[in-house]
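Hi,

Here is the structure I promised to pass on to you. Have a look at it first, and then read my notes below.

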Amino acid sequence: MPETVVTRFAPSPTGYLHIGGARTALFNWLWARRTGGKFLLRIEDTDLKRNTPTATAQVMADLRWLGIEWDEGPEVGGPNGPYLQSQRLDIYNRYIRQLLDQGRAYYCFETGQELDALRAEAEKQKKGFVYRRPEQLPTDQDAERARVEGRDVTVRFAMPQTGPIVVDDVIRGQISFDPAELGDFIIQKSDGFPTYNFAVVVDDYLMGITHVLRGQEHLMNTPSQKALWEALFTDRPVPQYAHMSVTVSDAGGKLSKRERPQTLRTALKATANVDFDQLAQVGGITADEVRSFLAGDTTPDMPAIDAIAKHLGVHLPEINIVDFFHSGYLPETMVNFMALLGWNPGDQREIMVLDELIRSFDLSRLTKSNSLFDRKKLLAFNTEHLRLTSPEKVLAHFKAYLRHVESPVRGADDALLARIIKLCDGARTFEDIERKSVFVFLDDEQIAFDEKAVQKVLMKDRALEILRQVRDELAALPELTEQAIEEMLRKLAEARQVGLGKVAQPLRVALCGTTISLPIFDSVNMLGRERTLRRIDLTLERFKAHG
RNA sequence: GGCCCCAUCGUCUAGGUAGGUCUAGGACACCGGGUUUUCAACCCGGCGACAGGGGUUCAAAUCCCCUUGGGGCUACCA
């Protein structure tokens, strides 16, 4: 390949970076890195109504979290800027003018309603809707008059009707389309902005894009874009297209942002007594909005959804990249897992780090069929990467996670955090690690007792009596090292002719309130004598009636 | 409805371009057992697929056609 590879990721800033978008970005980035080419980021913000002010910043933050850096684009600049389409209007207008002058594009004056009616008519006749090109193309004067009259003016591309359009796809081979079925599509909207199909072609040309890896949902746009490209640019052929499989959700259907609110709604419906006022307060919305949401009429913003879910302890399916961060996943995991959604290295490797991914990546190994997003497998991958990633990196990511969830654990120093991580070898996510270690950072009086744990452990046999003895032995130990604690507990268990569990579990529940925690010897050691004894005393006091 | 894409274990997939070496391999999940101070992790074992029907061929998971099923697109969204 004599020519340097140039790929791009071109999201529209309508929300957070979605797992599907992230995968597209990753593949383009991987291909550029593999070939020593360039990867650029372009923001497709040509729809004023849908743009969200913070989306671009969020998308960039998410890409960086994943380790995907762009060689050209917003914030890093480059020779082909600006990289925001909303700032390139004059460029698009020049090309639209050119097409108009050449008679390869023309004005239209239909309203949305008129178009809808035409579409409904086509539907009735069981045919696909194709805009009928007028015999006589409207002039600039016609357009001017329409504008003065307050009518909508759009510009359509006059699709050449010469033979089938054949798209060469790296993954799918040659795909043939009938231009008559494609029709004359709009290239400039009545607000003066270009449509996606037009802006993409101009920018891909001007930015020297050589390879376009994108989701299969763009396959139908490709013949239109190819026709436009060939009408506009003759010195260079269209880029190499590769239309990747789509990722679908394990809940069935497409992976969609709607899944999160839907999950919450379902959980809410299953709840006996919904306290609307309280939920409204935690969500920062009104009680009526909560009712409307429950009824399925409206959907509040994502932060409100997230806050209510967190308050209720409902786990929402992760969809956006930030969701995975919030759930305690490593970026290394996400990158590895996404790479395997529609691609594989051709051997039996699955767990791979970034460098390995770059070295192994190849267009010829992209798969054709859609894949389901399997969260259980993702969990298994995260477990592996938690082990594989350097302790320094894991520590840094853990700290970021703790800060975000505002865990009491975030107050710990690096040495303690590192020790906790090490003790949690085999944990699946940071959420697990946090849950197992949070008891150390709670006030002794703050420990909440899990009802099941109390029944299963504290209310059994002579658990409280054993706990009292453990307390006394602990008080008598000269030093609370893990070894000393272990030795003491084992001796005690042996003397009583019971398993270590019978001794360790009551102690665990006394210290943490649950049966799930860090290893017990370390738990005691971290807490120290005073706090350990205090927690045991509080437990004995609280449950003495049952003893 | 129209146009387009796809089809191997429950899931992700290897194998398909050069048909035999595939009684179809791996991973996750699941089931059983082991280990164990909790959860997880870990170890051993097991279950489990070429969507259906026609061709082509000595031979088809692999090539062709049809059916069925799944997905995408069908906007002055991207």
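Glutamate 75 sits in the loop between helix 2 and helix 3 (helices are DSSP runs of H or I with at least four residues, strands are runs of E with at least two, and both are numbered from the N terminus). Although glutamate 75 is not a glycine, its phi is positive, about 75 degrees. Most residues other than glycine have a negative phi, and most peptide bonds are trans. Proline 82 is found in the loop between helix 2 (55–66) and helix 3 (89–101) too, and a cis peptide bond with an omega of about -5 degrees joins glycine 81 to proline 82.

A word on the source: this is a predicted model, where local features need pLDDT of at least 70 and side-chain atom pairs count only at pLDDT 80 or more, while totals for chains, interfaces and linings use all residues. Residues are numbered from 1 along each chain as its sequence is written, and chains are lettered from A and ligands numbered from 1 in the order in which they are written.

Now for a pair of helices. The axes of helix 7 (residues 196–206) and helix 8 (residues 222–232) come within 9 Å and cross at roughly 55 degrees (axes are lines fitted to C-alpha atoms, for helices over the stretch in contact, and angles run from 0 to 180 degrees between N-to-C directions). Helix 7 is therefore oblique to helix 8; angles under 35 degrees count as roughly parallel, over 145 as roughly antiparallel, 65 to 115 as roughly perpendicular and the rest as oblique.

Finally, there is an open sheet of 3 strands with the order 3-4-7 and antiparallel pairing (two strands pair if DSSP finds at least two bridges between them). Strand 3 (105–108) and strand 7 (186–188) stand at the edges with a single partner strand each, so one side of each has no neighbour in the sheet. Strand 3 is joined to strand 4 (residues 154–157) by 4 bridges, and alanine 105 has phenylalanine 157 in strand 4 as its bridge partner.

Happy exploring!
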